Amino acid sequence: MQLPDDFLTGIRQQLDGNLVEALLKGLNQNPPVSVRLNPLKTKATLQDMPMAEVEVPWCRGGYYLKQRLNFTFDPLLHAGLYYVQEASSMFLDQVMRQYIGTLPVTMLDMCAAPGGKSTVARAALPEGSLLFSNEPLRPRAQVLAENMQKFGHPDVIVTNNYAQDYAKSGIKFDVILTDVPCSGEGMFRKDPAAISEWSLQNVEKCWTLQRDIVEALWNCLKPGGLLIYSTCTFNTKEDELNVKHIAETFGAEVLTVNTEAKWHISGSQVADFPKPVCRFIPGLSKGEGLFMAVLKKPGSSEPQAQKAKDKKARRNKTERNKANTIKPYMGWIKDADNYQPVVNGTAVTAIPKAWKSVYDAAASTLKIMSAGIKMGEIKGKDIIPAQALALSTALQRDAFTQVELNYSQAIAYLRKESITLPAGTPRGYALLCYRKHPIGFAKNIGNRANNLYPNEWKIKSSHIPESNNELF
């Protein structure tokens, strides 16, 4: 691996010599492959996954694999049963287990795409908590919304905003995760483009942007709240020195995260800042490069579900009538009385009543990509059920005819190809399943079935590898 000379010079000046030696060796090794199971959809164990090797020690449901699978061709990946994620990034689970209690909290993941850490967070948060998952760049926000809908938890709002927008929103959070944009040194082993894009100028640009993001969000954090700061880079400007700046500027306390010596996680590399931070170094720890620190804002407050003021927008008579027409369709979800239908144009969404006021406050100031459960689209006197509904853990499966597909049928469906339903399948909407897990909807119109899988989600490859497609 040919690394930039400026990178090598800088890293040798900033890191301990033993760490540099381990890093340079590690960057020339093959990266480990790991996945994290979705506890909302599967209780699988190591024995259920033939290609799994060992558990990721700092994350519940994380597993290293013996080799990389052709994940694109595993229907259960598309069903949201697991997420392909490098192991170091799963360390967020260790942080949340230690510092998030059992009371509901409101959390923001500011730079969340493609969604790995947001799904870690949502799995770890206490029930009744609300997660805002945000991505400033629109194309990446669309990918984030897709992955959060596949994960299936209804207590999530996905937004497409910048930190300054959140600062103006007035919404307060118990926990804010800032996995800030960085120079990407930790991705050198996995992504050769990260090497060609690296420069000293980009490092300078990144560390100032990172400070700007944190400073814009600081007032969004409640007194006593937690800021989790992370990067996928090695240099101290973007890591320790930024954490030092946050601590000194805002009087934040840097908290210790419990680790084990066998995980080979390194500490601070800045002599005058011997605070408890966590560094993952390829070649030492089993994962890619990651830096993480946990800071506590001065003050104290009891974690509780957000109760923001409802900035009500006047709904006209047409909108109220639309909401009334969809009430019969609320039987598509479990515990329907706990949800309130919302109609935006032709889009129908079910918002949990517990945080409806927060949703209204967010909708008045932020760009919402998805929230709660997307039920479907109004078409005439009908509602076409949404893919997000099929993948939601709140889906009332018995409300639909269920059709079990074999592997080749499931792949054809996920490619958005024509499918044939079994003879005798009733007309109307059918819930298609693979290994008893929902993967989407089709509409049976008698002589054929309309494939309702989202075009933007479909598998684009026409080639199916012969083996190593499925995790379970």
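Start by selecting Lys436, which sits in the loop between β19 (428-434) and β20 (437-444), where helices (H or I, at least four residues) and strands (E, at least two) are DSSP runs numbered from the N terminus. Its phi is near 70°, a positive value in a residue other than glycine, and with a relative accessible area of 64% Lys436 is exposed; exposed means over 50% relative accessible area, buried under 20% and partly exposed in between (1.4 Å probe, protein chains only).

Before moving on, note that this is a predicted model, in which local features need pLDDT of at least 70 and side-chain atom pairs count only at pLDDT 80 or more, while totals for chains, interfaces and linings use all residues. Residues are numbered from 1 along each chain as its sequence is written, and side-chain values use heavy atoms, with hydrogens and water left out.

Next select His264, in the loop between β10 (253-255) and β11 (278-280). His264 also has a positive phi, about 60°, although it is not a glycine, and this residue is partly exposed, with a relative accessible area of 42%.

From there go to Glu288, which lies in the loop between β11 and β12 (290-296) and counts as buried because its relative accessibility is 1%. The side chain of Glu288 makes a polar contact of 2.9 Å with that of Arg189 (a pair of N or O atoms within 3.5 Å; within protein, one must be able to donate a hydrogen and the other to accept it, and residues adjacent in sequence count only if both atoms are side-chain atoms).

Now turn to Pro114, in the loop between β5 (106-109) and α5, and look at the peptide bond from Ala113 to Pro114, which is cis, with omega near 5°. Helix α5 (residues 116-124) is mostly covered, eight of its nine residues being buried, among them Lys117 and Arg122.

Finally, select Phe132, Tyr166, Leu217 and Leu295, the residues with the most contacts inside the largest nonpolar core, which has 40 residues; such a core is a set of buried Ala, Val, Leu, Ile, Met, Phe, Trp, Tyr and Cys residues joined through side-chain atoms within 4.5 Å. Helix α9 (200-217) is among the elements that each supply at least two residues of this core, and α9 gives the most, with four residues. Leu295 touches, among others, Leu226, Val243 and Ile246, not counting residues up to four places away in sequence, where contact means heavy atoms within 4.5 Å.
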